[in-house]
Amino acid sequence: MPLNATTTPPFVAVLVRGLLAGLIAGLLAGAFAYVAGEPHVEAAIAIEEAASHAEPAAAGAHDHEDALVSRTGQRGGLFLATGLFGAAMGGLLATAYVLLSRRRRGDDDGRSGLLLAGAALLGAVIVPFLKYPANPPAVGDPATINQRTVTYLLMVVLGLVAVWAGSLGYRSVGAQAPTWMRAAAAVGGFLLVTAVSYVVMPSFQEVPADFPATLLWSFRLASLGTQVVLWTGIGLLFAGLMHHERRRRAGTALPST
């Protein structure tokens with residue numbers, strides 16, 4: 001019995017493509033982070049070390065402990081971390097792609113995977129970033145790290161809820177409504193949840209007044225750029241792999257002459 005090219009491929013096949021797309025995109029993101037972010041990390045570490053050496057001796061002897069992992073090891077581990085993280089995110093994207101298969105058109109060839117990646121970038125990266133932008137070393141109170149971690153993760157969840165609210169608003173208007181009206185409902189739902197989240201969630205102002213503003217924002221933009229490269233790469237690679245899979249299945253389904 002020939003395969004139906006319009007059906008969703010088996011979950012394992014989709015998952016493998018998601019993992020592969022995520023792994024490649026993660027390595028690309030690691031390369032971007034290495035080139036665009038590492039110089040700013042080094043500069044921030046230098047500021048932190050200079051501040052620690054400048055502590056008055058009256059405060060007691062400073063205990064210089066060697067880092068558990070050298071900077072060289074951390075640079076190498078950057079690619080391992082981004083590759084594994086990318087593979088995990090690609091796997092989640094593939095799982096969502098399969099779970100939402102009933103909402104897709106029969107001739108979808110991975111474009112919904114690209115839309116899912118864009119939604120993840122918006123909800124899980126950009127929305128939290130605008131509330132809690134990344135900080136380089138030497139910025140942040142160690143005593144609040146647990147609270148900041150929990151609030152950031154909660155902001156990620158709220159960002160995804162905001163994207164879901166936008167999608168719900170788009171669908172709730174009705175298929176017969178003009179495109180601009182559906183788009184307006186989507187934007188309104190997204191902005192409403194985002195605005196409420198920003199107001200309700202606490203803020204943290206822990207950047208030292210004397211910390212270089214240029215270094216701070218260069219680091220933050222590099223961090224955001226790494227995530228943009230990651231999710232853009234996952235979306236494009238996954239869409240391309242699924243398009244290739246659909247064409248392969250369509251060729252298999254052709255009757256032999």
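Colleague: Is Phe204 buried, exposed or partly exposed?

Modeller: This is a predicted model, in which local features need pLDDT of at least 70 and side-chain atom pairs count only at pLDDT 80 or more, while totals for chains, interfaces and linings use all residues. Residues are numbered from 1 along each chain as its sequence is written, and side-chain values use heavy atoms, without hydrogens and water. Buried means under 20% relative accessible area, exposed over 50% and partly exposed in between, with a 1.4 Å probe and protein chains only. The relative accessible area of Phe204 is 22%, so Phe204 is partly exposed.

Colleague: How are the ring planes of Tyr132 and Phe204 arranged: stacked, edge-to-face or tilted?

Modeller: Rings of Phe, Tyr and Trp (its six-membered ring) pair if their centres lie within 6.5 Å, with planes under 30 degrees apart called stacked, over 60 edge-to-face and the rest tilted. The centres of Tyr132 and Phe204 are 5.9 Å apart and their planes stand at 50°, so the pair is tilted.

Colleague: Which class does the pair of Tyr97 and Phe238 belong to?

Modeller: Both Tyr97 and Phe238 are buried. Their ring centres lie 5.1 Å apart with the planes at 80°, so the pair is edge-to-face.

Colleague: How many residues apart in sequence are the parts that Tyr97 and Phe238 tie together?

Modeller: Helices here are DSSP runs (H or I, at least four residues), and strands are E runs of at least two, numbered from the N terminus. Tyr97 lies in helix H2 and Phe238 in helix H6, so the parts tied together are separated in sequence by 141 residues.
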